Amino acid sequence: MSSDTENTDTTNESNSGGGHCSTPDSDGEIAEEIAIVSFGRKMDTAEEIKAEIGDRYETIEILEYHGDVFEEHWGEYDCFIGLMASGIAMRKTAHLLDDKWDDPAICVVDEELTWAIPITGGHHGANQVAQDLATMGAVPAMTTASEAAGKQGVESKAKAMDAHVVNGDSTVKTNLAVLDDNLDPVARLEGPKAVLVGDDVTVLKRNKDDGVVIGTGSVSGASTESFLAAWEQAIEQTDYDLDDVEFVATATRKEDEPGLLEAAQELDLGVVAFDKETLLDHEGPTPSKSKELIGWPGVSEASAIAGGAEQELILEKIGYENEVTVAIGR
């Protein structure tokens, strides 16, 4: 691989998409417009869902169910939440389905909020809606192959990196490679350049220009509040603010830290976890005891450098309350 590319190992992302929903819709952009379709007798539950997760979307509206409601509003929303039996939603939308990259996503949930079942567009909004409904107690029953296998598909990788998929048809082959543990880390190529790719290469395009990456490490069990305070303190020492952050970067050995994931969820940020080899290739300037003890470089600086588009560190590691370390990269 040439010096113009960076190998980026993206693994799990907070709530597989951040708690506040910035879900990839059918064209790989952000799913922002949601409709809850509900029978009249279930309107109280529909209102409860809207109140609980409504602030995670640009708009969330409630439509009362009738036989043609999906057809009447097809194409107006990025994702439908069907407060109904899955069979009803399937029968009423089957004839409308055309292409997964153009169709709206559909997730059904029962009145008791026991199960949240993505039935179409799992990678394009429905899985994320199911994850959001899980915060209300529903069990997300995701059947997309990569998620069912506990792996992160390329659409989820894109979302974690605040990017979108340009060539959707390629994801069939690349997600099969994910299932086989045969997909190389995401390679970052900065232009201007012309790139010729095959149909088994998925191209991701960043949603933001000139963004920054929060690189972070912590002691085990660090609190959500400590992560939030540490990140805010670090950002304040730069010329950027939290709206400029593309994602939070860390190490694979820290990817399941509850406080980290909850903090990222609160800020609507994806989490990208880098493996040991990638971090060693992007080691920062500040000495770290972890290098001597366990062979890992300092997580915050290395992940901030690895995740940044320019692989440049703009804020070296700072600590917060002996719990969390932070560095900022771009």
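Trainee: Taking contact to mean heavy atoms within 4.5 Å, among contacts between residues at least 6 apart in sequence, what share joins residues at least 24 apart?

Mentor: In the protein chain that share is 69%. Please note that this is a predicted model, in which local features need pLDDT of at least 70 and side-chain atom pairs count only at pLDDT 80 or more, while totals for chains, interfaces and linings use all residues. Residues are numbered from 1 along each chain as its sequence is written, and side-chain values use heavy atoms, leaving out hydrogens and water.

Trainee: How many helices and strands are there?

Mentor: The protein chain has 12 helices and 17 strands, taken as DSSP runs numbered from the N terminus (helices: H or I, at least four residues; strands: E, at least two).

Trainee: Which residues of helix H1 are buried?

Mentor: In H1 (residues 43-53) they are Thr45, Ala46, Ile49 and Ile53, where buried means under 20% relative accessible area and exposed over 50%, with partly exposed in between (1.4 Å probe, protein chains only). They lie on the same side of H1, because they cover an arc of only 105 degrees around the axis, judged by the directions from the helix axis to the C-beta atoms.

Trainee: And what does the face turned away carry?

Mentor: That face of H1 carries the exposed residues Asp44 and Ala51.

Trainee: Changing topic, in what order do the strands of the open five-stranded sheet run?

Mentor: The order is S15-S14-S13-S17-S16, with mixed pairing; two strands pair if DSSP finds at least two bridges between them. Strands S15 (271-274) and S16 (313-320) stand at the edges with a single partner strand each, so one side of each has no neighbour in the sheet.

Methods:
Contact means heavy atoms within 4.5 Å.
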